[in-house]
Amino acid sequence: MSETGSENPNDGRYSTGELTRRLLGLAWQFRADCLLSLALSVLLLALALVGLQLLGVVIDVIRHALDPALGAPAFPFGWKPPARWKPLDVVTFLSLAIVAQALLRAVLTYSYNMATARLTQGKIVPDLRDKLYAKLQRLSFRFFEVNGSSSIFNRLTGDVQNTRLFVDGVVLQGINMIITLGAYFVFMWRIHPALTVACLSVSVPLAWVTHYYSNRLRPGYLRNRELYDGLVQLFSESVLGIQTVKGFAAERGCIERFEQGNNEVSAQQRRIFWDLSIFTPATQLLSQLSLAILFAYGGWLYVQGRIPLGGGLVVFAGLLQQFTGQVANLSTIANSVQQSLTAARRVFEVLDTPLEVQNKPGALAPGRLTGSIVFDHVTFGYKTGAPVLHSVSFEAKPGQVVGIFGMTGAGKTSLLSLIPRFYDPQQGRILADQSDLRDLDLDAYRRQIGIVYQESFLFSNTVAANIAFGNPHATQEQIERAAKAASAHEFILALSKGYQTVLGESGVDLSGGQRQRLALARALLLEPPILILDDPTASVDPKTEHEIVSALRHAMAGRTTFVVANRLSLLRRADIILVLDGGRLVQTGTHSQIVRLPGPYREAAMLQLMDLDEDEPIGAERAPGRFT
Ligand code: M5T
Ligand code: MG
């Protein structure tokens with residue numbers, strides 16, 4: 001089958017054969033449940049055949065009663081009515097048997113539906129979703145940079161649902177269909193072989209039409225999913241960015257973009273629907289043709305006296321109708337094949353993404369680290385061939401405060417993200433307590449690092465739960481100790497429900513400084529020997545900055561701290577300052593050493609001084625005091 005014409009770069013990664021094999025593997029994994037469903041559907045088929053047989057016998061009994069010359073009816077299963085039964089007794093008995101058969105079928109249909117739902121919604125879907133979620137949690141940042149959040153959400157929800165369609169909508173339905181068609185064929189053949197062949201000849205064009213449309217549908221489904229990803233992305237971004245949207249009075253533009261995206265999705269949906277709406281009636285029409293052949297050819301056979309107009313013919317007509325009904329079902333199965341293959345590709349893409357950063361076999365779980373970190377000629381970039389850090393080397397001794405300074409885009413965040421091994425360097429190595437990070441057990445190592453970002457993400461949960469995020473078993477005492485160390489205890493107590501106050505969507509919102517102090521408490525809860533602070537005072541006012549800085553002073557004690565800052569109030573306390581410029585380490589030293597040397601740091605120091613001079617003319621002799 002040809003690959004689709006979409007822009008998804010991963011498209012070529014899976015052949016239809018490979019996808020099919022893996023999906024069959026999925027069905028095999030749940031073979032016991034599949035067998036149960038299949039067994040029930042075979043029972044249903046047998047009952048349907050019994051019902052038809054009984055109907056034929058009833059007709060023959062009546063015809064025999066009216067005209068004994070026509071020959072005695074053949075009773076099924078070697079059964080014979082007792083000799084004393086009158087024809088009416090026999091008909092009544094058989095009718096009751098038909099009703100019993102119908103009742104049993106109702107019960108079995110119910111059981112079949114329940115068994116299939118238990119298999120798909122109770123086992124396959126949750127199982128796939130768990131696997132996908134677990135994989136997402138372990139994937140490196142790069143995956144989330146490449147794939148939009150909406151595409152990820154859609155894969156976790158709709159695509160997982162459509163993937164399971166392969167098991168119930170394709171495998172189970174398909175096997176069921178083959179068994180059913182085989183059985184009907186045998187029964188029809190036993191009634192009249194030539195008539196059977198004539199009536200079923202329409203199956204050939206039917207199969208061709210199905211194949212043709214099935215190939216036509218797939219690219220449409222894939223395009224549909226991609227457009228839908230885009231629409232959800234638009235939607236979620238405008239919800240998350242509602243402040244910006246309103247701030248720029250950009251509602252109208254957003255609405256227009258959404259409408260456009262929405263129209264594209266619905267136009268694509270319409271295209272699929274058009275294809276389907278030609279396809280389904282076409283298959284139905286073809287299958288009705290076989291009934292026309294039955295009447296024409298069967299009628300001719302009767303006139304020629306080669307077939308009696310009895311129960312046999314009624315049974316034949318019934319079988320044929322069921323047969324063609326099943327064949328028309330092909331269109332549904334073909335549709336499910338395309339839908340499930342499209343979805344499975346998107347699900348497998350996530351499951352198969354290699355973990356960029358992972359434990360190597362036999363990785364060492366370090367004991368408590370002293371906090372020594374060494375960068376040894378580290379070169380790193382997000383894309384190969386475009387390094388954002390060039391051969392950076394430095395050493396942080398246990399307990400030292402390392403300030404990192406540089407213009408925007410200099411590589412500060414990138415440098416920090418190498419410390420918890422969010423990425424591996426392309427060249428050089430990073431050592432923690434003399435061990436290469438790549439030799440350490442990732443979880444055990446990362447648990448010894450506390451991180452506070454520029455802006456902190458808090459969960460819609462209680463204050464206590466947010467602080468205890470890294471250790472849900474933390475005691476109230478531990479939580480409070482962390483909050484105190486982060487100077488957050490007082491303001492938390494002042495909240496309506498103290499530590500039990502719920503934050504986030506429907507809860508209390510905090511100020512920037514409060515959020516940062518909570519984030520700091522969260523980082524400190526684990527008593528980490530290494531603390532990473534990425535410009536924690538970037539988005540707060542000077543008073544809040546002062547609060548955070550004094551909170552940090554306690555927090556940094558006894559830990560190796562890496563702190564990115566542009567404000568010198570934080571940097572001047574550092575034991576060493578690393579000055580980055582265009583990804584290169586251009587200066588290293590203490591504040592008093594490098595503020596004297598020409599370079600970006602000195603320039604920034606002068607500018608911040610000038611700002612002070614302009615805003616509030618304070619004595620020249622006092623100003624340098626801020627920096628020394
Ligand atoms: C350094 C690029 C960025 C810049 C360079 C985080 C990140 C950065 N970059 C990527 O391509 N992908 C990423 O995920 O790397 O960026 P930085 O390290 O973020 O610089 P910074 O922290 O010094 O800047 P700032 O603005 O936070 O002060 O070319 O495009
Ligand atoms: Mg940054």
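**Notes on the structure: contacts, sheets and a pocket**

1. Let's start with one pair: the side chains of threonine 116 and serine 37 make a polar contact of 3.4 Å. A polar contact here is a pair of N or O atoms within 3.5 Å; within protein, one must be able to donate a hydrogen and the other to accept it, and neighbours in sequence count only if both atoms are side-chain atoms. This is a predicted model, in which local features need pLDDT of at least 70 and side-chain atom pairs count only at pLDDT 80 or more, while totals for chains, interfaces and linings use all residues; side-chain values use heavy atoms, without hydrogens and water. Residues are numbered from 1 along each chain as its sequence is written, while chains are lettered from A and ligands numbered from 1 in the order in which they are written.

2. Where is threonine 116 placed? Threonine 116 is in helix 3, residues 87–138. Helices (H or I, at least four residues) and strands (E, at least two) are DSSP runs, numbered from the N terminus. Threonine 116 counts as buried because its relative accessible area is 9%. Buried means under 20%, exposed over 50%, and partly exposed in between, using a 1.4 Å probe and protein chains only.

3. With a relative accessible area of 4%, glutamate 349 is buried. The side chain of glutamate 349 makes a polar contact with the side chain of arginine 155, at 2.9 Å. The C-alpha atom of glutamate 349 is also 8.5 Å from that of arginine 13, although the two residues are 336 residues apart along the chain.

4. One open sheet has 4 strands in the order 2-1-4-5, with antiparallel pairing. Its edge strands, which pair on one side only, are strand 2 (389–396) and strand 5 (435–436). Two strands pair if DSSP finds at least two bridges between them.

5. You can follow this sheet strand by strand. Strand 4 and strand 5 pair in the antiparallel sense over 2 bridges, and leucine 431 has aspartate 436 of strand 5 as its bridge partner.

6. Which residues have a positive phi without being a glycine? Two examples are histidine 377, at about 50 degrees, and aspartate 535, also at about 50 degrees. Histidine 377 lies in strand 1 and is partly exposed, because its relative accessible area is 47%. Aspartate 535 is in the loop between strand 7 (530–534) and helix 18 (542–556), and it counts as buried, at 8% relative accessibility. The hairpin of strand 4 and strand 5, with 2 residues between the strands, has a positive phi too: aspartate 433 takes one near 45 degrees.

7. A second open sheet has 6 strands in the order 6-7-8-3-9-10, with mixed pairing. Strand 6 (449–452) and strand 10 (584–589) are its edge strands, each pairing on one side only. From one strand to the next, the twist averages 15 degrees (axes are lines fitted to C-alpha atoms, for helices over the stretch in contact, and angles run from 0 to 180 degrees between N-to-C directions). Strand 3 (residues 401–406) and strand 8 (residues 560–564) pair in the parallel sense over 4 bridges. Valine 402 has phenylalanine 562, in strand 8, as its bridge partner.

8. Last, the second largest pocket: how much space lies in it? About 660 Å³. The lining has 28 residues, and the closest to the pocket's centre are Gln53, Asp60, Ala74, Gly311 and Gly312. A pocket is an open set of points on a 1 Å grid over the protein atoms alone, where a 1.4 Å probe fits, with protein on both sides within 12 Å along at least five of seven lines; lining residues have an atom within 4 Å of a point. Points are joined across faces, edges and corners, and the volume is the space filled by probe spheres set on them.

9. Which helix gives the largest share of that lining? It is helix 2, with 9 residues. Helix 2 (31–66), helix 5 (149–191) and helix 10 (311–328) each supply at least two lining residues. By class, the lining has 17 nonpolar, 8 polar and 3 charged residues. Ala, Val, Leu, Ile, Met, Phe, Trp, Tyr, Cys and Pro count as nonpolar, Asp, Glu, Lys and Arg as charged, and the others, Gly among them, as polar.
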